[in-house]
Amino acid sequence: MGVIIKPIVYENASREVKREYENQYRTSGIVTNMKKTLLHHLPSYHVYEEWYKLRTALLEFISHRAFVVFSYAISLEGDCLLSSIYFRKALTDRGEDPEELFLDDEEQALEYYGRQLSRSPNEVSDALFAHLSQYYSPEQIVALTAFAGQMIATNVFNSALRIELDEYLLHFST
């Protein structure tokens, strides 16, 4: 099974798409296969770019490591190869072994919440919400849940359209 929608080709893109492409490149130094695919439809591209605002909001009250653990758990449970590899790389870049993560109690709560939201959000237990409430306010739990929804949507997009791994991720997939 191959890629469903091929990424845009910059040279063939409209002026508006080229502007977004260039902005993405200036901002992050790369335009990923996912972004190149989303650029086929600018309203969709803009919706998915909101992920970064949610990430920024989360990083105001959780550590970067906790953010990566949460995102990795959502991606693993959602069986999204691209996102799982992306966060596997993030952990490896931190000098950690993604197969043997040692999580503190807060990170364990986030990991379990991420997996549960990805697996079956209707079955998040009161006990898990109580556990999260030890660390997070209602506003923060809303932010975590909204981010998880965006992460799940990203996983669906990547998996359904079979977005290819970017070259920089390839050696993290083994």
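## Ground rules

In this predicted model, local features need pLDDT of at least 70 and side-chain atom pairs count only at pLDDT 80 or more, while totals for chains, interfaces and linings use all residues. Residues are numbered from 1 along each chain as its sequence is written, and side-chain values use heavy atoms, leaving out hydrogens and water.

## Helices α4 and α5

Let's start with helix α4 (residues 64–77) and helix α5 (residues 81–93), whose axes come within 8 Å and cross at roughly 150°. Helices here are DSSP runs of H or I with at least four residues, numbered from the N terminus. The axes are lines fitted to C-alpha atoms over the stretch in contact, with angles running from 0 to 180 degrees between N-to-C directions. The two helices are therefore roughly antiparallel to each other (angles over 145 degrees count as roughly antiparallel).

The crossing of α4 and α5 is left-handed, meaning that the near helix is turned anticlockwise from the far one by less than a right angle. On the α4 side, the contact is made by Phe67, Val68, Ser71, Tyr72, Ser75 and Leu76; on the α5 side, by Ser83, Ser84, Phe87, Arg88, Ala90 and Leu91. Contact means heavy atoms within 4.5 Å. Sorted by class, the residues are 7 nonpolar, 4 polar and 1 charged. In this scheme Ala, Val, Leu, Ile, Met, Phe, Trp, Tyr, Cys and Pro count as nonpolar, Asp, Glu, Lys and Arg as charged, and the others, Gly among them, as polar.

Find Leu76 in helix α4. With a relative accessible area of 34%, Leu76 is partly exposed; buried means under 20%, exposed over 50%, and partly exposed in between, using a 1.4 Å probe and protein chains only. Leaving out residues up to four places away in sequence, Leu76 touches Ser84 and Arg115. Leu76 and Gly114 are 38 residues apart in sequence, and their C-alpha atoms are 9.4 Å apart in space.

Next, look at the loop between α4 and α5, where Asp79 sits. Asp79 is not a glycine, yet has a positive phi of about 55°. Its relative accessible area is 65%, so Asp79 is exposed.

## Helices α6 and α8

The axes of α6 and helix α8 (residues 138–160) come within 10 Å and cross at roughly 50°.

Leu110, Tyr113, Leu117 and Ser118 of α6 meet Ile141, Leu144, Thr145, Ala148 and Ile152 of α8. By class, this contact has 7 nonpolar, 2 polar and no charged residues.

Glu106 belongs to helix α6 (residues 105–119) and, at 22% relative accessibility, counts as partly exposed. Neighbours within four places in sequence aside, Glu106 is in contact with Ile62, Tyr135 and Tyr136. The side chains of Glu106 and Tyr136 are joined by a polar contact of 2.5 Å (a pair of N or O atoms within 3.5 Å, where within protein one must be able to donate a hydrogen and the other to accept it, and residues adjacent in sequence count only if both atoms are side-chain atoms).

Finally, Arg162 lies in the segment after α8. Arg162 has a positive phi, near 50°, in a residue other than glycine. Its relative accessibility of 31% makes Arg162 partly exposed.

How values were computed
Angles under 35 degrees count as roughly parallel, over 145 as roughly antiparallel, 65 to 115 as roughly perpendicular and the rest as oblique.
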